[in-house]
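Dear colleague,

I am handing over the structure below, followed by notes on what turned up in it. Please read the notes with the structure open beside them.

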Amino acid sequence: MRVNLRKFILISGGFVLLWLIVSYSSLFVPVSKKRGNIEKIETELDNLQNKMLDQLSDSYKLLDKVKEHLRKTDHQEIPKDLPLSWNRDGFAQSGKGPVLPILVIACDRVTVRRCLDNLVKFRPDKITFPIIVSQDCGHNETYQIIKSYVDADPTISVVRQPDLSEIPLTRAKVKFKGYYKIARHFRFALNYVFVTLKHEAVIIVEDDLDISPDFFEYFLGTYPLLSKDPTIWCISAWNDNGKKQLIDLSRPELLHRTDFFPGLGWLLKRETWLQLEPKWPQAFFDDWLRDPENTQGRACIRPEVSRTYSFGKVGVSKGLFFDMHLRYMQLNMDYIEFTKLNLTYLLKDVYDDHLTTLVTSLPELTAEEVKSRPGTEPVKVTYTSAKTYQKAAKKLGLMDDFRSGIPRTAYRGIVTCYIQGRRVYLAPGYQWTKYDPTWG
């Protein structure tokens, strides 16, 4: 029994030992294989990562080459229709950016509150756009309204025109005394901003103007043009032919050059004012600014869709101009980021070449045919004299008057509008060289 037990123990122990050997040998083999597989996978991942890094490096190099190519060619390949990025061409302001104060010309309208409310409502930055109200007339009720804004906001200030004396005029000129006082007030206010406060530029509005939501953005984006192009002396927010039926409402970003000073919300640089101030007229300063001799033949920028709207029916014109034209003007309500647009298409060399080439190539229609034959392709209507211009302008619904021989909104004698879905150019039917002041 003992022998059997011993044999049993020996045999059992042998089986156990054999089982352990087999078990451990089977265990070691998979672990070794797994470790090898893991090392293999890690090696493959390292190789893949290195390849990806190499490809990424090549991509960055290619991207840098593309950027360099764009930088070199952007200014040479400006589209004829849609503007590109303004910042890419390096014209945007650097550092802190400009300070563009808003000069509000006020007199005795208590509705100045409406103007100030809109300026405060849409003003994106108080530091960039401080508001300065210059009040003439000595009207206390209007002054108290202005002062309430000044008291509530330190970036809003008021100055009062000190000379309220009557201007001696001949009997024939007495009826125009309002225009004499306006010219005197503008001279005082602009000297205050540029000489006393020493600002480099100013946006001028009158106390009867509404503004668009992108009013400030419009001027901030176009301001660099005044430095970039010496042939531009002002930026205006106004289109004299800005009635709904004469503009392309689908192109609120579109801007134009014009030889006709528009006014009604305009940007002026200190350098230009110092040139104008010694010759400043006693009255009718806006028409004086429309004479190329006074502005050295330079142009202004104006929008397709106006960024201001005049609600002041009662004024020195006795409401006549408002009833005939101003009440029908369209105010832009879309927000356009002008600081992100490339406005180099407005530079003189680019703009002139494109406009001349385009208008020369267009088919010609009469004003009557434009109205009776709707279409989508741009066309031109030609004129040869003041009389033929006025006839065509009236038929198209445009303002037909002249100042120093310049039609409203004209540039190089060409007036553009948008009628029934088609761009129309009212252009000279002869080789244009300059305006004829005898036209009016």
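A search of the whole structure finds 23 aromatic pairs, where rings of Phe, Tyr and Trp (its six-membered ring) pair if their centres lie within 6.5 Å, with planes under 30 degrees apart counted as stacked, over 60 as edge-to-face and the rest as tilted. One of these is the edge-to-face pair of Phe215 and Phe216, at 5.3 Å centre to centre and with 90° between the planes. Phe215 and Phe216 are both buried, buried meaning under 20% relative accessible area, exposed over 50% and partly exposed in between (1.4 Å probe, protein chains only). Ring pairs also link Phe129, Phe215, Phe216, Tyr218, Phe219 and Phe338 into a cluster.

This is a predicted model, in which local features need pLDDT of at least 70 and side-chain atom pairs count only at pLDDT 80 or more, whereas totals for chains, interfaces and linings use all residues. Residues are numbered from 1 along each chain as its sequence is written, and side-chain values use heavy atoms, with hydrogens and water left out.

Arg408 lies in the loop between strand S13 (406-407) and strand S14 (415-419); helices (H or I, at least four residues) and strands (E, at least two) are DSSP runs numbered from the N terminus. Arg408 is buried, with a relative accessible area of 4%, and its side chain makes polar contacts with the side chains of Asp240 (3.0 Å) and Asp401 (2.9 Å). A polar contact here is a pair of N or O atoms within 3.5 Å; within protein, one must be able to donate a hydrogen and the other to accept it, and residues adjacent in sequence count only if both atoms are side-chain atoms. In that loop between S13 and S14 one also finds Thr409, which has a positive phi of about 70° although it is not a glycine, and which is buried at 4% relative accessible area.

As for the sheets, 8 strands form an open sheet of mixed pairing in the order S3-S2-S1-S4-S8-S6-S9-S7, two strands being paired if DSSP finds at least two bridges between them. Strand S3 (156-160) and strand S7 (255-258) stand at the edges and have a single partner strand each, so one side of each is left without a neighbour in the sheet. Within this sheet, strand S6 (residues 232-236) and strand S9 (residues 299-303) pair in the parallel sense over 3 bridges, and the bridge partner of Ile232 in S9 is Ala299.

A further 3 strands form an open sheet, again of mixed pairing, in the order S11-S15-S14; its edge strands are S11 (379-383) and S14, each pairing on one side only. S11 and strand S15 (residues 422-428) pair in the parallel sense over 5 bridges, and Tyr383 stands opposite Pro428 in S15.

Best regards
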